[in-house]
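Here are my notes on the model you sent over, as numbered points. Have the coordinates open while you read.

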Amino acid sequence: LSERLSGVFDKLTKQGALSEDDVKTALREVRVALLEADVSLPVARDFVKAVGDKATGQAVTKSVTPGQQVVKIVHDELVHVLAGDEGEIGTLKVDNAPAPILMVGLQGGGKTTTTAKLAKRLKEKQGKRVLMASLDVYRPAAMDQLKVLGEQIGVDTLPIVPGQKPADIARRAKQQATMGGYDVYMLDTAGRLSIDDALMAEVEEVKAITTPRETLLVVDGLTGQDAVHTAENFDGRIGISGVVLTRMDGDGRGGAALSMRAVTGKPIKFVGLGEKMDALEEFHPERIAGRILGMGDIVALVEKAQETIEAEQAQRMIKRFQKGQFNMNDLKMQLEQMQKMGGMESIMGMMPGMGKMAKQVQDAGFDDSIIKRQIALVNSMTKKERANPALLQASRKKRIAAGAGLEVAELNKLLKMHRQMADMMKKMGKMGKGGMLKQAVK
Ligand code: GDP
Ligand code: MG
């Protein structure tokens, strides 16, 4: 797959902004990559469309191909979608002791193993007292399995009472957890080979009895599209709070993660990475994104290229400032940087003395809308005018202000700011023969 993609990339070597064709060609391959990684068709289709809208027209970083650039954009978007809201990944709500955690999913997905892994984690990382209860009344071995794991990790299990129904066990677990002073009690439910009504009804009943703080769906990451179907059903009927994706130590490509996230909107909280009790990690969106695309190298390459270019650009600018050259194009670049970074910590911020001035300007109410208007004013100037602002006499000023839909007074303010900044730059350049500035970039 990677080979086919690099083949496509080789064809796209034009530099500059990404054209619609570049994006289309690259995205066609990305779509195949997503499908091969087990992302479901509608999710892949929507995702590719969203990325296409974002990518077209974006500047291509020097020294990478447009195709590579598209992959980077796709990767970033994947991470964005997978990551969801902050604070959701790798955490469980376990306040208000005893906090019930309900584990649901199909048979063999890894519920029992994950129940014990999470109990161990809660115990060791958060110092919680945990009680585990098996509600799997269909396979006596399942109850023993949890008991054995509990002994292994030093976590209590609810004593097994033969003949009880899942709802009875749930009630007993709740009571035992309350009386025994546990912080958390975990309910390991029985699975079925496929989704059926009896299973759902049973889980629903247990949920009603215990009102869990977390209802975690445990799914086998190797099952791909089936996992999505499972997630959709459980979330629709029971309502889940998060997903644990197991068997990610296998060679599954992880596409299920994206589909489940897209279809249910619920976070993937943890991943299982083996049979051992320590083989559980919090979910890392970047890793899965890299795995889905199978192109971690390209992403790193593009990131590196972008960093280098930004550093080069800064170096070049500072050299020019030292010579007292600071024209309207430079000003515009500064303004755009401020906009991008949401503040004045642009190249200015890298220069001693300038950071302070930047802060003053910002404190004086220099906000985003002003920056936008100022950029519009610069855009309204001709090339010559930008290179040499001294040309700006009354008639030109009128034309420029009108072009930006603004008052001449605002343009005058901008010009004044430019003069002040240019002066400052010049002074800084002379000071210490520019040594100071050079140091600032390092
Ligand atoms: P349950 O039926 O949902 O309770 O599934 P189990 O917890 O009994 O797990 C079924 C099998 O999958 C067991 O042999 C587990 O050791 C294994 N298993 C669970 N999670 C993982 C995982 O993350 N990686 C691997 N390789 N095996 C796992
Ligand atoms: Mg089980």
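**Notes on the fold and the ligand shell**

1. Let's start in the sheet: strands β1 (residues 99-104) and β4 (residues 184-188) run parallel and are joined by five bridges. Within that pair, methionine 103 has aspartate 188 of β4 as its bridge partner. Helices and strands here are DSSP runs numbered from the N terminus, with helices being H or I of at least four residues and strands being E of at least two. Two strands pair if DSSP finds at least two bridges between them.

2. Before going further, the ground rules: this is a predicted model, where local features need pLDDT of at least 70 and side-chain atom pairs count only at pLDDT 80 or more, while totals for chains, interfaces and linings use all residues. Residues are numbered from 1 along each chain as its sequence is written, and chains are lettered from A and ligands numbered from 1 in the order in which they are written.

3. The whole sheet is open, with eight strands in the order β3-β2-β4-β1-β5-β6-β7-β8 and mixed pairing. At its edges sit β3 (156-157) and β8 (280-282), each of which pairs on one side only. As a reminder, strands of a sheet pair through backbone hydrogen bonds, either parallel or antiparallel.

4. Helix α5 lies across β1, β2 (130-134), β4, β5 (214-220), β6 (242-246), β7 (268-272) and β8, and runs at about 170° to β4. Helix α8 (residues 197-210) also packs on the sheet, where α8 touches β1, β4 and β5 and makes about 170° with the direction of β1. Contact means C-beta atoms, placed from the backbone, within 7 Å. Axes are lines fitted to C-alpha atoms, for helices over the stretch in contact, and angles run from 0 to 180 degrees between N-to-C directions.

5. What surrounds ligand 1? The shell has 18 residues, and the closest are Gly110, Lys111, Thr112, Thr113 and Gly272; a residue counts as near if its C-beta atom, placed from the backbone, lies within 6 Å. Helix α5 (residues 111-126) gives the most to this shell, with three residues. By class, the shell holds three nonpolar, 11 polar and four charged residues. The classes are Ala, Val, Leu, Ile, Met, Phe, Trp, Tyr, Cys and Pro as nonpolar, Asp, Glu, Lys and Arg as charged, and the others, Gly among them, as polar.

6. On to the helix pairs. The axes of α2 (residues 20-36) and α4 (residues 66-83) come within 9 Å and cross at roughly 60°, which makes α2 oblique to α4. The scale is under 35 degrees for roughly parallel, over 145 for roughly antiparallel, 65 to 115 for roughly perpendicular, and oblique for the rest. In the contact, Asp22, Val23, Ala26, Leu27 and Val30 of α2 meet Pro66, Gly67, Val70, Val71 and Val74 of α4. Those residues divide into eight nonpolar, one polar and one charged.

7. Helix α3 (residues 41-55) has an axis that comes within 10 Å of that of α4 and crosses it at roughly 125°, so α3 is oblique to α4. This crossing is right-handed. Ala50, Val51, Lys54 and Ala55 in α3 meet Val70, Ile73, Val74 and Glu77 in α4, giving six nonpolar, no polar and two charged residues.

8. For α4 and α10 (residues 255-264), the axes come within 9 Å and cross at roughly 55°, so α4 is oblique to α10. Here the crossing is left-handed.

9. Two backbone spots to check on screen. A cis peptide bond joins alanine 97 and proline 98, with omega about -5°, and proline 98 lies in the loop between α4 and β1. Threonine 211 has a positive phi of about 35° although it is not a glycine; threonine 211 sits in the loop between α8 and β5.

Key. Two residues are in contact if their C-beta atoms, placed from the backbone, lie within 7 Å. A crossing is left-handed if the near helix is turned anticlockwise from the far one by less than a right angle, and right-handed if clockwise.
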